[in-house]
Amino acid sequence: MPKRILLVEDDLFIRDLYVRTLEQNGYIVEIAIDGEEGVNKALANTPDIMLLDIMMPKKNGIEVLKEIKGNDKTKGIPVFLLTNLGQEGIIKEAFNIGASGYLLKARMLPRDVAAHINSYFETGKVPSELMQA
Amino acid sequence: MLIIGIGLFVNLSPQPVVQQSQTILNIVILTVTAYTIVYYRFVAPRWSTAELILSSILVYTVFVFLVAHFTGSLQSVLFSLVFVPILITALMLGVQALLIVVAGEVIWLVTEFYFYFLPFHPGISDPHILLWEKLIAILLVSFVAYDNSREIFTRQSEHELLEQEKETIRLLQEREDAILQSMDDMVLSLDTNKNILIANDSFAKTLDISQNEIIGKNYDSLFTIKKTNSVGDAIETIDLTTITTKEVEDNDSKETGPTNFRLQTLNNDKQLFVTLAISNLTVDLKDKETPNDMVAPGRVIVLRDITEELQLERMKIDFVSMAAHELRTPITAIRGYLSALKEEATTSLTPEHNKFLDRADIAANQLTTLMENLLSVSRIEKGAFNLDVRKTDWVHLIGQRVEELANRAIERGLQLNWEPPKENIPEVLVDPLRVSEVFNNILSNAINYTQKGSITISVKYEPAEEIVVTSISDTGPGIPREALNHLFEKFFRVSGVLEQGSKGTGLGLYISKEIIELHKGKIWVESTFGEGTTFSFSVSTIHNLKLRKQFEQENAFRV
């Protein structure tokens, strides 16, 4: 049974790239193009993991995270933030709300992201120190 | 009256029988008069105006009687001359001289009355004065008249000089005041009790009240000055009468970042960011004969409004951060797609096209590094470069980083030596992400700049100082001696060094130094030109309790 990933990312290029790489790694990828759609899709069909961008229209990543973690139905979903270096404040806040880890987009190629997610599903742990604050 | 008396006595007793004694008496009186005048004129330091008037009266009296003596009557045209010195004196001395004029007139009238209407003293029409008496009298009168006029002219010119000086001082004051008032900077002078002695126009405008309303008031009732941190939050209120120049200048502490001063007006609630320049008034009270309120010890404070500059500065920083954030998304996409292409299309492309792809990839990586570096520099300069310090297994971390870069070293035909130390190394206090950045940067440099040979990484624990020193040595071209001191400066590049694959930004080592210093560690370099280079840096172990506490206080350390 392939794992299902909900990718919430507003940038088309990045989204396509991640979708492609993750699908190549055998995941089923569902996409949301803004925060609001992300919350709706997470409620409609609970994914195994959620990759969440921060800077997005309608609802930003932190708002989405709050709603996900504030709802009994979705609060069990592991959420990984797709972030950039220099957003430490936001990352700290996200961990307080209940994020499981973060991925530095600019540092990682899509295959690295896929590798980290593979590792997470295999070991059940957040792989490297880059993933946890 | 005395003088009139003398004059009358001299002239009213010319009886033939006492002619000789009369002559002697005349001489005595003239000598005494001359002596008195000379004494007052030369021995006494300076005549007062009253003395001047008295001497003038004496001169005219003597003059009147001399004319009477010589001509035997008061009808002589010479009498008209009496008005010349009177008029001159009146013109020169102004109101005071009216006394002289009046006195002269009185003497004139009394004498005339005496000679014409009291004819029982006939001696006057029959003068028995000797020639030498006449000559002495003429000389005496001439001298006193001359001296008087000279004195009058001197005083006149002194008076003019004084007026000129006053005018000059007034002009100077006006000019100084104009300078003070036209200054864009706000200028304040305070006494030790915080009372405002002087405030210029610019300051009055800031407060929206007139200068007269400001002067003399306690400054606490008009405004406050607060020290603020880099983001503009007030740290403390400062006392302008006690703050030292050093405290004002020392506004760039590592703890709080660059500080500023904020002027807050109380009546119109304005907020301005200002720079302060403070100078103490050091007037020596003993030496100056100035009114007390002018020399009360206090200080002069110049405040410059830098609100706009600060805003521009912030905008610049924000612009860099914003630009970097905005650039990231497209660059991430470029790198992602390039890597996908490289992974999947290599076999279907010609070697040349593959080279193009490699170059595009390298350039995109450079761009990423540059952008991240610029962002780091902007954050360092903003004082917003925060650490997330954790207890870290150092050997494990270095091992991971070495592993990541091992392929690049192998690609360049270099030997990468990394042997974890046999001794037990305690955990260290670092922000793993930031320190990894430093290590990666130094190791990448070593790989990029070394043509052949090896790179050796070593980690050493120094229990005495509770630090762990990590060194990266290469067999590269080495760094010229003159460049060594500048290596950690912003935008410094060693010129003439052959670079391959990656072009430096001149920021990597600067950022590395800042990161290591934020960890309270040290970074240094040793190099022999032509033989190789060793970069080393130190980080503290968890046994450095003082540092741990400091990180905790800075809210940088999370267990």
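How many residues does the contact take from chain A and from chain B? I started there, keeping in mind that this is a predicted model. The count came out at 16 residues from chain A and 19 residues from chain B.

**Chain A side of the contact**

I then checked which elements of chain A give two or more residues to the side touching chain B, and found α1 (12-24) and α5 (110-123). The largest share, three residues, comes from α1(A). I also sorted this side by residue type: nine are nonpolar, two polar and five charged.

**The open sheet in chain B**

Next I traced a sheet in chain B. Seven strands form this open sheet, and I wrote down their order as β2-β1-β9-β8-β7-β3-β4, with antiparallel pairing. At the edges I found β2 (196-199) and β4 (234-237) of chain B, each pairing on one side only. I got an average twist of 35° from one strand to the next.

Strand β1 (residues 186-191) of chain B runs antiparallel to β2(B), with three bridges between them. Here I saw Leu190(B) opposite Ile196(B) of β2(B).

Then I moved to β7 (residues 260-265) of chain B. With β3 (residues 223-228) of chain B, this strand makes an antiparallel pair over six bridges. With β8 (residues 271-280) of chain B, β7(B) pairs over four bridges, again in the antiparallel sense. I followed Arg262(B) across both pairs: Lys226(B) stands opposite this arginine, and in β8(B) the bridge partner of Arg262(B) is Phe273(B).

I looked at the hairpin of β7(B) and β8(B) too. Five residues lie between its strands, and Asp269(B) takes a positive phi near 50° there.

**Nonpolar cores**

Which residues have the most contacts inside the largest nonpolar core? My list reads Leu429(B), Val438(B), Ile442(B), Ala446(B), Ile455(B), Ile472(B) and Val539(B), in a core of 37 residues. Among the elements of chain B that give two or more residues to this core are α13 (394-411), α14 (432-449), β13 (454-462) and β16 (532-540). I noted that α14(B) gives the most, with eight residues.

Leaving out residues up to four places away in sequence, I found Val438(B) touching Ser512(B), Ile515(B), Ile516(B) and Phe537(B).

Last, I came to a second, separate core of 32 residues. Its members include Leu51(A), Val64(A), Val79(A) and Ala94(A).

How values were computed
Residues numbered from 1 in each chain as written. Chains lettered and ligands numbered in written order. Predicted model: local features only at pLDDT ≥ 70, side-chain atom pairs only at ≥ 80, totals over all residues. Contact = placed C-beta atoms within 7 Å. Nonpolar A, V, L, I, M, F, W, Y, C, P; charged D, E, K, R; others polar. Pairing = 2+ DSSP bridges. Core = buried A, V, L, I, M, F, W, Y, C linked by C-beta atoms within 7 Å. Buried ≥ 20, exposed ≤ 12 C-beta atoms within 10 Å, placed from the backbone. Axes fitted to C-alpha atoms, helices over the stretch in contact; angles between N-to-C directions.
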